[in-house]
Amino acid sequence: MNANPSSLRVNKRGTGFQTGWLLWLPPLTFLVVFFFYPLARIFSISFGRGDQGIFSLLLQALTSENTRSILGFTLGQATLSMLLTLALGLPGAYLFARYRFRGKTLLRALSGIPFVLPTVVVAAAFNALLGPNGWLNMFLMNQFNLAHPPFNFMHTLGAILLAHVFYNTTIVLRMVGDFWSHLDPHLAAAAETLGATRWQAFRRVSLPLLSPAIMAASLLVFLFDFTSFGVILLLGGPRFATLEVEIYTQTVNLFNLPTAASLSLLQLVCTLAISVLYTRLAKRIARPITLRPVLLTQKGLASSRQKLAAGVLIAALLIVLVTPLAALGARSFTRYGTAPRGEVVQQGWTLENYRQLSEDPQSSIFFVPPTQAIRNSLLYAAATVLLSLLIGAPSAWALARRTSSRLARILDPLLMLPLGASAVTLGLGFIVTLSQPPLDLRTSPVLLPIAHTLVAFPFFVRSLVPALQSIQPNLKQAAAALGAAPRQVMLYIDLPLVGRALLVAVVFAFTISIGEFGASALLARPEFPTVPVAIFRFLSRPGAINFGMAMALSTLLMLVTAGGMLAIERLRLAEVGEF
Amino acid sequence: MTERETVLQIRDLVKRFGETAALDDISFEMQMGEIVAVLGPSGCGKSTLLHLIAGLERPDRGQILWQGEDMADVPTHLRGFGLMFQEFALFPHLDVRGNVGFGLRMQGLRDDQIEAGVSEALRLVDLEGYEARQVDTLSGGERQRVALARSLAPRPRLLMLDEPLGALDRTLRERLLLDLPAILSELDQTVLYVTHDQEETFAIADRVVLLNAGRVVQIGTPFELYHNPHTAFAARFLGLTNLFPALVRDADGAAQVETPFGTYPTETRLRGQVTALLRGDRMQLDGEGPEVLHGRVKDRSFRGQALRLKVQTSQVELACTLDSDLDAPEIGQVVELSFDPLHALQVLA
């Protein structure tokens, strides 16, 4: 071909520039319309209350006795939850990182299930285990012939903390454990040969090297606990309110949008501050470390003391992370009846709870048969997957292509922002913006998939980017040298190589959508509830039938989300991902 | 070495990983100030041996004694044995000062004492002024020296080096091979040196423990090992060629070894199937020895002081090493190789 070099250069530059912008266009438009614009509206509503600007506004919010106590509780419970999570997670991470034992893969998979469970399922699970109708109380009542459940678990701080530990331990297990498992054990051994005791070797060598991972995991756990919604609402009850719950209450029960908006702003400032702190810390302590293959860093449990310690730890992990799930599953197959004195009693095994799912128990306009809710959830999830593909895939491609460009450096954290903004805030933003012209989507069925896409967005993108980046540039160059146009490189090189990662991302989007509760609680229209919303309604109402159906629906949801998680785990075997 | 005190005694050491024995009945001793090399192919259990001596792993059987004291219940940090890891295991979060001074800090020394110890150790390895460098900015050779300085700084009573030159490129290895003995002898340090490289072993060690598949094959000075290997494995591992299957039997009251190229008298006590080693460095071209083999020169290569010939006889191919100042035969020329069977022909198990 008679190509003239200068025209080639121009051409190359031209297409690179164009595709770059084209890739950014859908995600940016989407985020601007459905994230930044609603957020801006929340801000302006907050500003509308006072005219002295953001700081005096925050000050005003902080001086309010009520807000201060809510903020104090939010921070306090998050700190406590984080510390408890670390107390269980760090020893677990050590066990997973340094030892091989039978059933490890299974235990690891099981420990990941809580993290992906919708909060309503978690609430249902703890209800099934420790609630007034739970296994423990039932057992105690039968055993000691008691008239009332002796063990008061629901609506206590303990319930909130336990649920948070249940939820987030896997973050520590994975983030710290994975890093730890690749940390050269010779480093600690070297310290010991230089005269350090085991403890000194840990404190002076292993701990400083692990601290970025521990810090990252802790802050992520803290962030999740800080914005916790469903757990507080369902397990904490009316006595406890985090910022997130208060935003919801102010919006739904009191319809006090300005107060809700101020609280959202306060929460956003807090999460942003945590994220900035995290980035700073991570940068300061990040140092290049040679990672070792797991084959060289792990060994079997040798002495009987090691075996005993490992056994105790595994038992603790099983009790905290698995028994609530088992209790839920078993409860959904238990018949309930109302005893003469009014309490619910167990009456043997049955499929009745599942059979009732196709009936409308309340026969009112706001209550549809649960099967209807399942259908709604599936449709919303499918729409979320579709939207995520349209919006998330181009962003991931754009991010992976140009990590070094200034544009990407600015946009990367921007794309991650939805992770910091809570689901309830998103829902509130939609309520204040999208229910009036120019965008009147309040009654549109696409509202929920849009919200779900935003919630899933960071996960979707983060599942794809590392896989895309791991494609060796010389592969692309080789393809280009063989005559492949950029589009062909994408089709024949990128796509087959990231196929698994793409599947992971899709499963993420689906699983998140089907279990999402915070935004759905605000946005789902009464006649079109999703499964989590339906479970919430059943759990909030008394009666054996409601409880039974909540158990059955929760079990189904648990199976679907856990299945999704296990699929992700499987697909990821040799993959790299950041979540 | 014999007048020195015996410090380390390894007795019947056994370590299993599952079904396989990584170390099987290892016994040897070390004298104060001695440099002993543990030589063997990779996977022969060398690193495991060092980890057992350091106390990082526990033996399944056997004893490790230091000056008569059993180390079984002494934890790693109290043994006073330094170990330099193959990949150096420098602490990435500490600078050179923090790394080299780590052992001194663990001894509870004052800051100025640590500083002095660090400077002294860095002087030994020729890295003066490197205190404030971050370890990830060091070259491979510098990392090796920092690791050595770190192991030396607390003055361990035994220094163990695990393939210390293994991670370096060839040029660097050869330079450090010259420096290392000087550093170690300046300190009169007792050293256990693990390597798979016979060249390194010969350059550094006073004595060699040759390992194969977890068992001791032979112990001796490099000279003894090279000139009198006991097994075919030892000969092959030390780079000797001309090894042939052979049979020893008694004939007329004297032992004879039957090789593919002839039957010769021998003084060995072995009988039956053996390996015969015809040493290429103990043959001449003059055709005047007690025994002579005829052959055609197949290949020759000039190696500075030595000339190596490959000679094809009617039965076997032989490699021999000759002085290079001789008139070298041409390729294809027929030569007469003469040798004394009692001197050049060794019988190995």
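The following questions and answers examine the two chains of a predicted model.

Residues are numbered from 1 along each chain as its sequence is written, and chains are lettered from A, with ligands numbered from 1, in the order in which they are written. Because the model is predicted, local features need pLDDT of at least 70 and side-chain atom pairs count only at pLDDT 80 or more, while totals for chains, interfaces and linings use all residues.

User: How many helices and strands does chain A have, and what percentage of its residues is buried?

Analyst: Helices (H or I, at least four residues) and strands (E, at least two) are DSSP runs, numbered from the N terminus. Chain A has 25 helices and six strands. A residue is buried if 20 or more other C-beta atoms lie within 10 Å of its own, exposed if 12 or fewer, and partly exposed in between, with C-beta atoms placed from the backbone. Of the 579 residues in chain A, the buried share is 46%.

User: Why is helix H19 of chain A described as largely enclosed by the rest of the structure?

Analyst: Helix H19(A) spans residues 423-433. Its buried residues include Ala423(A), Leu426(A), Gly429(A), Phe430(A) and Thr433(A). The helix is largely enclosed by the rest of the structure because the buried residues number 11 of the 11.

User: Which helix gives the largest share of the side of domain 1 of chain A that touches domain 2 of chain A?

Analyst: Domain bounds come from an automatic or database domain assignment, and chain A is divided into domain 1 (12-48 + 366-579) and domain 2 (78-323). Two residues are in contact if their C-beta atoms, placed from the backbone, lie within 7 Å; the contact takes 36 residues from domain 1 of chain A and 36 residues from domain 2 of chain A. On the domain 1 side, the elements that give two or more residues include H19, helix H22 (486-515) and helix H25 (544-572) of chain A. The largest share, 12 residues, comes from H25(A).

User: What is the make-up by class of the side of domain 1 of chain A that touches domain 2 of chain A?

Analyst: Ala, Val, Leu, Ile, Met, Phe, Trp, Tyr, Cys and Pro count as nonpolar, Asp, Glu, Lys and Arg as charged, and the others, Gly among them, as polar. By these classes, the side of domain 1 of chain A that touches domain 2 of chain A has 24 nonpolar, 11 polar and one charged residues.

User: Which helix gives the most to the side of chain A that touches chain B?

Analyst: The contact between the chains involves 19 residues of chain A and 19 residues of chain B. Helix H8 (185-193) and helix H9 (198-226) of chain A each supply at least two residues of the chain A side. By class, that side has 11 nonpolar, five polar and three charged residues. With seven residues, the helix that gives the most is H8(A).

User: How far apart are the C-alpha centres of the two domains of chain B?

Analyst: The domain assignment of chain B gives domain 1 (6-236) and domain 2 (241-348). The contact takes six residues from domain 1 of chain B and four residues from domain 2 of chain B. The C-alpha centres of these domains of chain B are separated by 39 Å.

User: Which residue is the bridge partner of Trp66(B)?

Analyst: Two strands pair if DSSP finds at least two bridges between them. An open sheet of four strands in chain B has the order E2-E1-E4-E5, with antiparallel pairing, and its edge strands are E2 (20-31) and E5 of chain B. E4(B) and E5(B) are joined by two bridges. In E5(B), the partner of Trp66(B) is Glu69(B).

User: Is Gln67(B) buried or exposed?

Analyst: Gln67(B) is in the loop between strand E4 (61-66) and strand E5 (69-70) of chain B. Most residues other than glycine have a negative phi, whereas Gln67(B) has a positive phi of about 50 degrees. Because Gln67(B) has 11 C-beta neighbours inside 10 Å, this residue counts as exposed.

User: Which residue of E7(B) is the bridge partner of Leu83(B)?

Analyst: Strand E6 (residues 81-84) of chain B is covered on both faces, with Phe81(B) and Leu83(B) buried on one side and Gly82(B) and Met84(B) buried on the other. E6(B) runs parallel to strand E7 (residues 158-162) of chain B, and four bridges join them. The partner of Leu83(B) in E7(B) is Met160(B).
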